[in-house]
Structure formats: structure tokens, C-alpha cells
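Colleague: I would like to go through this model slowly, with one question at a time. Could we begin as soon as the structure is on the screen?

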Amino acid sequence: MGKKFAGYLAYATGEIILVIVGILIALAINDRSNKNKKLELRHAYITQLNDEADRNLKKLTMLDEEALQMLAELDTVFKLLLFKDYENPKLSTKSYYLIMSKKFYPVMITYENLKFSGDLKLFDDLDLRNSISETYETFIPIEKLESAEKQAIESYYENFLMRNVKFRNMGTSSENYGKDIYFENMVLTRITTLAQNREAYGTAIESLKNLKNTYAELQDEN
């Protein structure tokens, strides 16, 4: 009886060990499967974030080039005012740039999805997570500058142009408004805001380029 019990106990113990080993193997396989799924999801996000960076870079580069062109035109206007060349037809034709503005509409779908889904934790490297967040935060100063610029343009249009300028004569003479201090101040204001815009664009562009380099390194690892 003792031998039979001992044999049964050994058999039962062996069965239990096999079950435990089986569970451990299953857990390991499941864990590996989950890790692979997370890596695949992370890789998909990197691809999408890289595409998003490309689209934002294209927009910002275009805006920066347009701002540079506008600065050149307004610099001409400022020099005409400086030399009191009020009858120069360029003063009126180039003054159009005082009410011309551009707006940056950032692409942020992937980043917003990362934040609100909690999937940002897929990026284990805290520095990388901060780098992603900080890059998108460079868009905030651009939005604030554009908002202030819009208010200045609206004020200039309503309080000066509509009251003091005959639009049908703007192409031939600037005598009616070229000497006005409000006009001169607006020229200087726009030159300043455009320069600030370019600085903000430059910061965002540099940050996006650095982030793209990081994405490229991560994709190479995969």
C-alpha cells in the first residue's frame, strides 16, 4: 500500500509539474506575443508620426519662405517712408502686404491619438516621449503670434484703411496715407511680427527635423 501511494504521489507530482510548466510556457508565449504586438503598434506609430512630421515641415517651410518674401516687400515700403518718397507707386502696391497673412494648420492626428489613447507609454524612453511632446508644443507660439497678428491687421483695416484710403486711388498715389504715423507704425509692426513668425517657424522646423532623425534611427532598429 505504501509503495502504491508513493507511486501515485510521484505520478501526481509529475502531472502537477507538467501542468505548471505548460502554464509557464503559455504565459511566456502570450507575453512574447503581447510584446510583439506592442512593437508592431509602436512601429506603426513611428511611421505615422514621421509622415506627420513631413507634412508639418512642408507647411512650415512654405510659410517661412512666404514670410521672408513679405519681409522683403515691406522693407521696400519702409525705405520709401524713410526717404519720404510718398509718390512712389511701389508704396501703394506693396502696402498690400500689410493686410496679407498666412495661417499654420498643423497636422496632429497621430500625436493627439497617442496622447488620449495612452499609447504614448509604448515609447519607453522618457527622453523620446518628451522630445515628441516638446516638438508639438513648438506650434503653440506660432498660433499665439498668428492670433496677435490677425488682431493687428483687423484693427489697421477697420481703423485706418476703411476711413482714410480711397481704394481706387491706391495704385496711383499714396499721398493720402503715406505720411500718416499710423501707417508707418503698422509697417514697422508687420516687419516685427513677420520676423517673430520666422523665428517661431525656424524653431519648429529644427525640432521636427531632429525628431525625424530619431524616427529614422528607431525604424532602422526594427
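Colleague: Which residues does Ile132 touch, not counting residues up to four places away in sequence?
Modeller: Please keep in mind throughout that this is a predicted model. Leaving out residues up to four places away in sequence, the residues that Ile132 touches are Leu49, Tyr111, Leu211 and Tyr215.

Colleague: Which residues have the most contacts inside the largest nonpolar core?
Modeller: The largest nonpolar core has 48 residues, and Ile132 is one of those with the most contacts inside it. As a general background, nonpolar side chains tend to be buried together in soluble globular proteins.

Colleague: Is Thr135 buried or exposed, and which residues does Thr135 touch?
Modeller: Thr135 lies in helix H4, and its relative accessible area is 1%, which is under the 20% limit, so Thr135 counts as buried. When residues up to four places away in sequence are not counted, Thr135 touches Ser207, Leu208 and Leu211.

Colleague: With which side chain does the side chain of Arg190 make a polar contact?
Modeller: Arg190 is found in helix H6, and Arg190 is buried, with a relative accessible area of 1%. Leaving aside neighbours within four places in sequence, Arg190 is in contact with several residues, including Met70, Leu74, Tyr97, Met100 and Glu149. The polar contact, at 2.3 Å, is made with the side chain of Glu149.

Colleague: How many residues apart along the chain are Arg190 and Leu98?
Modeller: Leu98 is among the residues in contact with Arg190 when neighbours within four places in sequence are left aside. The C-alpha atoms of Arg190 and Leu98 are separated by 6.5 Å, while along the chain the two residues are apart by 92 residues.

Colleague: Why does Ser95 count as buried?
Modeller: Ser95 lies in the loop between helix H2 (89-93) and helix H3 (109-117). Not counting residues up to four places away in sequence, Ser95 touches Val77, Lys90, Tyr177 and Phe183. Buried means under 20% relative accessible area, so Ser95 counts as buried because its relative accessibility is 5%.

Colleague: Which residues make the nonpolar surface patch of about 490 Å²?
Modeller: Tyr96 has its place in the loop between H2 and H3, and Tyr96 is one of the residues that make this patch. The whole list for the patch of about 490 Å² is Tyr96, Ile99, Tyr157, Met162 and Phe167.

Colleague: What value is phi of Lys84 near?
Modeller: Lys84 is found in the loop between H1 and H2, and Lys84 counts as exposed at 58% relative accessibility. Most residues other than glycine have a negative phi. Lys84 is a residue other than glycine with a positive phi, and the value is near 55°.

Colleague: How many residues apart are Asp54 and Lys212, the pair that links distant parts of the chain?
Modeller: The structure holds 8 salt bridges, and in one of them Asp54 pairs with Lys212, the closest N and O atoms being 2.8 Å apart. The pair links distant parts of the chain, since Asp54 is in helix H1 and Lys212 is in helix H6, and the residues are apart by 158 residues.

Colleague: What separates Asp75 and Lys79 in helix H1?
Modeller: The side chains of Asp75 and Lys79 meet in a salt bridge, at 3.2 Å from N to O. Asp75 is partly exposed, with a relative accessible area of 32%, and Lys79 counts as partly exposed at 44% relative accessibility. Because the two residues are 4 residues apart in helix H1, what separates Asp75 and Lys79 is about one helical turn.

Conventions: Residues are numbered from 1 along each chain as its sequence is written. This is a predicted model: local features need pLDDT of at least 70, side-chain atom pairs count only at pLDDT 80 or more; totals for chains, interfaces and linings use all residues. Side-chain values use heavy atoms; hydrogens and water are left out. Buried means under 20% relative accessible area, exposed over 50%, partly exposed in between (1.4 Å probe, protein chains only). Contact means heavy atoms within 4.5 Å. A nonpolar core is a set of buried Ala, Val, Leu, Ile, Met, Phe, Trp, Tyr and Cys residues joined through side-chain atoms within 4.5 Å. A polar contact is a pair of N or O atoms within 3.5 Å; within protein, one must be able to donate a hydrogen and the other to accept it, and residues adjacent in sequence count only if both atoms are side-chain atoms. Patches are made of residues with over 30% relative accessible area and no salt bridge: like charges are joined within 9 Å, nonpolar side chains (Val, Leu, Ile, Met, Phe, Trp, Tyr) within 5 Å. Accessible areas come from the Shrake-Rupley method with a 1.4 Å probe; for residues, only the protein chains shown count as cover. A salt bridge is a side-chain nitrogen of Lys or Arg within 4 Å of a carboxyl oxygen of Asp or Glu.
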